Amino acid sequence: MIWYHGDKRTKSYFEGWYLKCQTKDGQCLALIPAIHIDGDGCKTASIQVITENQSWWLHFPGDLFHAEREHFLVQIDGNVFSKHGVELAIHEDGIDLVGKIRFGPFQPLRYSIMGPFEFLPKMECAHGVISMKHRLEGELLINDERIDFHGGIGYIESDRGSSFPSSYLWAQDTWAEGSFMLSIAEIPFGRLSFTGCICAINLDGKEYRIATYLGARVGKWSSTFGSVRQGRYLLEVDFLKKRELPLKAPCTGKMIRTVHESLHSTIRIRFSNGAKTLLDRITEMAGFEFSQNL
């Protein structure tokens, strides 16, 4: 697997990594290191931090960014994100964030979440799942508030391309017995577009995959509901409550778009195989984003 892709085919490019860290008592923190290159070839980097109540955008010169291709390792101005954990020493306007979190072994998917779509040239946005779930140890101090991650759980994914989809839905949840991620998006294909989906559900050690390339069909989807059917499998997600905070997102390589994410959404996940219910879960710890008609 190539962990850092880069792109020499086009000047406009971004690549970012989403690391969600969740404590045993339900606190969440998300970290998003990224590299972006605009149409003029100007290279910059960023780290976004999001908690339940606040989000921060931290901007860095591009020469302070480094990433490895052969294994997961991203460094920005001395802040390290890797398969071993994160080490942070951020002192910017409005935020002091220091400390270390160690990661347990990653739980990867059996194969790329994009399937054969990963090989399509010039994909607007290609998604990756690095770890569906892993253990956390350590602590962070954010603006004098101590967050204890000992015994917590984490999740890591990535995105790369030129822009986020114009319309998309994303949801993610991790708990003791399983993990879940879903993305529905409008995908440009030449002069046309289609609604596609990717979804992975891990339950008690078994992986379920629902995706357009496996024959899945997206039903209704909105800021409050999403449904996908694939053969006998039916996935329905109700988005019941959310508290959204602003994040920066790429548009032709520039981080000029504002989207909104909630780290503490209340959602209901219903997943069935014919008449058999495989999962019916209500959680207050889900991540959620919805954006439509850019």
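What follows is a friendly chat about a predicted model, its cavity, its cores and a few of its residues.

Reader: Hi! Before I start, what should I know about the numbering and the model?
Author: Residues are numbered from 1 along each chain as its sequence is written, and side-chain values use heavy atoms, with hydrogens and water left out. This is a predicted model, where local features need pLDDT of at least 70 and side-chain atom pairs count only at pLDDT 80 or more, while totals for chains, interfaces and linings use all residues.

Reader: Thanks! How many cavities of 30 Å³ or more does a search of the whole structure find?
Author: The search finds 1. A cavity here is a set of points, on a 1 Å grid over the protein atoms alone, where a 1.4 Å probe fits but cannot get out.

Reader: And how much space lies in the largest cavity?
Author: About 590 Å³. That volume is the space filled by probe spheres set on the grid points, which are joined across faces, edges and corners.

Reader: Which residues are closest to its centre?
Author: C125, H127, D159, F164 and P165 are the closest, out of 40 residues that line the largest cavity. A lining residue has an atom within 4 Å of a point.

Reader: Which strand gives the largest share of that lining?
Author: Strand β14, residues 178–189, with 6 residues. Strands are DSSP runs of E with at least two residues, numbered from the N terminus.

Reader: What's the lining like by class?
Author: There are 25 nonpolar, 8 polar and 7 charged residues. Ala, Val, Leu, Ile, Met, Phe, Trp, Tyr, Cys and Pro count as nonpolar, Asp, Glu, Lys and Arg as charged, and the others, Gly among them, as polar.

Reader: You mentioned C125. How many disulfides are there?
Author: The count is 0, with a disulfide taken as a pair of cysteine sulfur atoms within 2.5 Å. For C125, the nearest cysteine sulfur is that of C251, 12 Å away. C199 is in no disulfide either, and the nearest sulfur to it, that of C197, is 7.4 Å away.

Reader: Are C125 and C199 buried or exposed?
Author: C125 counts as buried because its relative accessibility is 16%, and C199 counts as buried at 1%. Buried means under 20% relative accessible area, exposed over 50%, and partly exposed in between, using a 1.4 Å probe and protein chains only.

Reader: Switching topic: which residues have the most contacts inside the largest nonpolar core?
Author: V49, F65, F81 and L97, in a core of 33 residues. Such a core is a set of buried Ala, Val, Leu, Ile, Met, Phe, Trp, Tyr and Cys residues joined through side-chain atoms within 4.5 Å. Another core, of 32 residues, lies apart from it and includes Y18, M114, A126 and A200.

Reader: What does L97 touch?
Author: Leaving aside neighbours within four places in sequence, L97 is in contact (heavy atoms within 4.5 Å) with L31, V49, L88, A89, I90, L140, L141 and I142.

Reader: And where is A126?
Author: A126 lies in strand β10 and is buried, with a relative accessible area of 7%. Not counting residues up to four places away in sequence, A126 touches M114, S158, D159 and R160. The C-alpha atoms of A126 and N143 are 34 Å apart, though these residues are 17 apart along the chain.

Reader: What about N143 itself?
Author: N143 is in the loop between β10 (125–142) and β11 (145–148). Its phi is positive, about 50°, although N143 is not a glycine. At 37% relative accessibility, N143 is partly exposed.

Reader: Why mention the positive phi?
Author: Because most residues other than glycine have a negative phi. D77 also has a positive phi, near 50°, and is found in the loop between β6 (73–76) and β7 (79–82).

Reader: One last stop: what's in strand β15?
Author: I201 lies in strand β15, residues 192–203, and counts as buried at 0% relative accessibility. T195 is also placed in strand β15, but T195 is partly exposed at 30%.

Reader: Which residues does S193 touch?
Author: E186, I187 and P188, not counting residues up to four places away in sequence.

Notes:
On a 1 Å grid over the protein atoms alone, a cavity is a set of points where a 1.4 Å probe fits but cannot get out, and a pocket is an open set with protein on both sides within 12 Å along at least five of seven lines; lining residues have an atom within 4 Å of a point. Helices (H or I, at least four residues) and strands (E, at least two) are DSSP runs, numbered from the N terminus.
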